[in-house]
Amino acid sequence: MTQDPRPAALVKTPAQNPIWTRLSVIWLVPLVALAITLGVAWKSYSDRGILIEIDFSDATGLRPGETPLKFREVEVGRVETVGFTEDLKSVRIGVRVQKDVAPFIDGSAQFWLVRPEVSAQGISRLDTVLSGTFIEGYWDAALSPPETRFTGLDHAPLAPDPTSGTWVTLHADDAGGLADGAPIIFRGLTVGRLQNLRLSDVDEGVTVDAFIKAPHDKRLTSRTRFWDTSGFSVSLGTGGVSLDVRSLASLVQGGVEFSTFSSGGLPVQPGHGFRLYSGETEARDSIFDGGADTAVRFTLLFDEAVRGIERGTKVLFRGVEAGEVKDLSIRVSEDSLGNRVVRQQITIAINPERLGMTADADPEIVAGFMEGEVERGMRARLAGTGLLGTTLVVELTDIDGMAPGKMDMAGDPFPILPVAPATSNDLAASAEGVISRVGALPIEELFASTIRVMDSIAMVAESEDTRAVPGELSTLLEELGKLTKALNEQGAADKTIAALDQVMSAAERLYGSVEGLPETLVEVQKLAANAANMPLADIGDQIDGILKDLRAMLGTSDAEKLPRALSDTLNEAAGLLAELRAGGAADNLNSALGSAQTAADAIAGASASLPDVTKRLEALIARADALVSAYGERSPFNAEMLNTMRELRRATAAFGALARTIERNPRAFILGR
Amino acid sequence: MERHQSAALVAPILTARDAGLVGCRGCGRVWPQGTPTCGRCGARLVPVDVRGLQAVWAWLIAGLIFYVPANLYPMLLTKTLTGHLENTILGGVIELLAHHNYGVAAIVFGASIVIPIGKFIAIAYLALAVGNERRAGGHRHLRLYEVVEFIGRWSMIDVFVVAILSALVQLGFVATINPGPAAASFALSVAFTMLSAQSFDPRLIWRGPPDTAGNK
């Protein structure tokens, strides 16, 4: 019973140390390290932004990992990859954009490369030479579904922010001296730029977008006029010559100026179309015109030639200017018989305002109005206006007796207005005739000879001796006057006439007696032959030669010496006249005439004393009558006589003409003109 | 028990622990077990404990963790007038090779990649080996440990280069060198592996399995 109360031996099993008691605190270190590393990794992953892709035509200066993307000059991303599009036609740039900015990059975003640029306006973005090219982006603050694929712009946009101004469109006939980036000037201030110069898709002109910066765009109204100030203008007026150059940039690149000449315009909406006028004058003249874009176009087809019509030719609607010709071309078509018909196709633009409608009237309404007019007999035709009727216009007017016509509303390219024949059939011919007549004028020769005259006159007038001439001339004239007076006083003229009368009567009598005097006839015939043989033509030639020599002499440099020679000659002439007068030239003449009279009297006496002979010869005459009648009126003798007389008369006339010429214009004779 | 047997089979060497002694890690003098401090140098006498291996592993893992970003992130950020360069360690080596600087490439490759990775492998091997009681390899293990200890500080050569370059090349916009995120990671990684090597108790190389001494 007595048992040893010893407790049973303890079974010692070593306590299983739980794993955490065996773990050292040191294990926190790798845990913390892991946490830190993972944290950093997660942060850098989550912060790395969103990748967008932009396609550019080239990637000049872009370097992956370095080139920044900037928004308002603040870096918001970096180029990560530079690759190509699938077709290798452009470069695809991958840009990692910061997370906070990425949501704003939506469809409206624009991207372009910024690099240094040298243009007519100067050098821009020189800073990028050192910092390198970068990509600039612009997007608005509106949140739309973000996009990741974009196409970059080739050039920096003029106004990435459309709210900082107003975009309008300008239409011009040709680009003139304009270029992209040309300035828009308002009262001498550059307030905007042109961009996107392109051919118009409406007509034959060109269209350009213009951006006017914010405070200045308030100046734009629907009455604003734009005009081209490219290059420089020179104008010659009463105030002298004025040279107008706006700016060096506008000289090189062209420029556009605008102004609002009249009030009452409405504020413009972005995208409003304006006409670009070629000069300020045209712009001012057009105040009452509507904008070019509001004009409604019609097509005219003319069978006849429309020479003289050109772009800009006015279109009159019942006498009021309502538009202009926009385009001319040829249309080849086939008529109902299959013949080729070539017609002139003219496009006209009608301003609805001029038809009493609002400027923005619907083209269809305008066309409908025209259709109604056409039905009432209105036609388009060519008419001439202006002083000579050479300025052609297109007239839209009612023509009497015209059957109601119909307008081809579905015409191509615009509704076709029926045409009527031109007001005059030979319109083109007359227009051309005037031109050719003007062209035929020997203007150049006139100019040349005028210049030669001027030269001669100048040469003569400039010479010292010329100044001495007038005095001599007046003296000479005085002398001549005296001589004439003396001659008159002595009744020279009367006497001369009397003498001539006597000579004539003597001649008549002689003629009367001559009929019976074959010898005399033979003598006279010989005389006439001699007279006919007289070298009158030679004399004329000689005179011509002298005149030619005289002219040649005047043309030579020796002509300068002429005035001296001339004055000498005049002196001599004066002296000669004086001598003549002193020597009783008039008296001599008188006595000569007196002698002539005596001779005539003697002849008369002789004639009178010859009746016997006459009588005696009557028989002979009677016998000779047959002979004479055999000669007849057209006998060689008569013919010979007539010829001689004609020659004499012609010579006399020539001398008379020469005398008249000298009388009329002695200077001209002297100067050879 | 089987460990003991196997140990007895292969290990005729008498260790300090077998003799009931504890060695001072400071001066190497042995003292009877239970002595709290070394009578010669005053260092605390720590009994050999396999639990010290936990610290080795912990530091080693931390070092490994930091070694990953050290290789993924750029080491040097070089900004010059014309460009901007970011080089990772391996990228730098490849670039040096491309420029035919084989010597420099070899040095960088050795100091930054071969040595750290070799250290990781060596420490891990040692830690595993002592846990498995392989006394036969004692001398080899000790030599390996000494090499690791010696070479560990030289891994910092990369970090020094980066530090010196960053300090010297600060020429404004012409040229600037800044340490990248990898530099800090690499420094931490090297530091942690050094700590790992430090925490390794070389006496474990000679010691038997943890329980054998206590239960005998």
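Reader: Is A:E395 buried or exposed?
Author: This is a predicted model. Buried means under 20% relative accessible area. The computed value for A:E395 is 18%. A:E395 therefore counts as buried.

Reader: Which residue forms a salt bridge with A:E395?
Author: The closest N and O atoms of the pair are 3.0 Å apart. A salt bridge needs a nitrogen within 4 Å of a carboxyl oxygen. The partner is A:R381.

Reader: Which strands does the pair of A:E395 and A:R381 tie together?
Author: A:R381 lies in residues 378-385 of chain A, and A:E395 lies in residues 391-398. The two are 14 residues apart in sequence, so the pair ties together strands β23 and β24.

Reader: Which residues do salt bridges that share partners join into one network?
Author: The network lies in chain A.

Reader: Is A:R92 buried or exposed?
Author: A:R92 meets A:E86 in a salt bridge, at 3.4 Å from N to O. A:E86 is exposed, with a relative accessible area of 70%. A:R92 has 11% relative accessibility. That is under 20%, so A:R92 counts as buried.

Reader: What is the relative accessibility of A:R78?
Author: A:R78 forms a salt bridge with A:E75, the closest N and O atoms being 3.0 Å apart. A:E75 is partly exposed at 33%. A:R78 also counts as partly exposed. Its value is 32%.

Reader: How many aromatic pairs are there over all chains?
Author: The search covers the whole structure. The count is 14.

Reader: How far apart in sequence are the parts that A:F71 and A:Y138 tie together?
Author: The two rings form a tilted pair, 6.0 Å centre to centre with 40° between the planes. A:F71 lies in strand β2 and A:Y138 in strand β8, so the pair ties together parts of chain A that are separated in sequence by 67 residues.

Reader: Which residues do ring pairs link into a cluster with A:F71?
Author: A:F71 and A:Y138 are both buried. Ring pairs link these two into a cluster with other residues. Besides A:F71, the members are A:F111, A:Y138, A:W139 and A:F150.

Reader: Which helices does the pair of B:Y67 and B:F186 link?
Author: The pair is tilted, 6.2 Å centre to centre and 45° between the planes. B:Y67 is buried at 7%, and B:F186 is buried at 0%. The residues are 119 apart, in helices α2 and α7 of chain B.

Technical notes. Residues numbered from 1 in each chain as written. Chains lettered and ligands numbered in written order. Predicted model: local features only at pLDDT ≥ 70, side-chain atom pairs only at ≥ 80, totals over all residues. Heavy atoms only, no water. Phe/Tyr/Trp six-rings, centres within 6.5 Å; stacked < 30°, edge-to-face > 60°. Helix = DSSP H or I, 4+ residues; strand = E, 2+ residues; numbered from the N terminus. Buried < 20%, exposed > 50% of the residue type's maximum accessible area, 1.4 Å probe, protein only. Salt bridge = Lys/Arg side-chain N within 4 Å of Asp/Glu carboxyl O.
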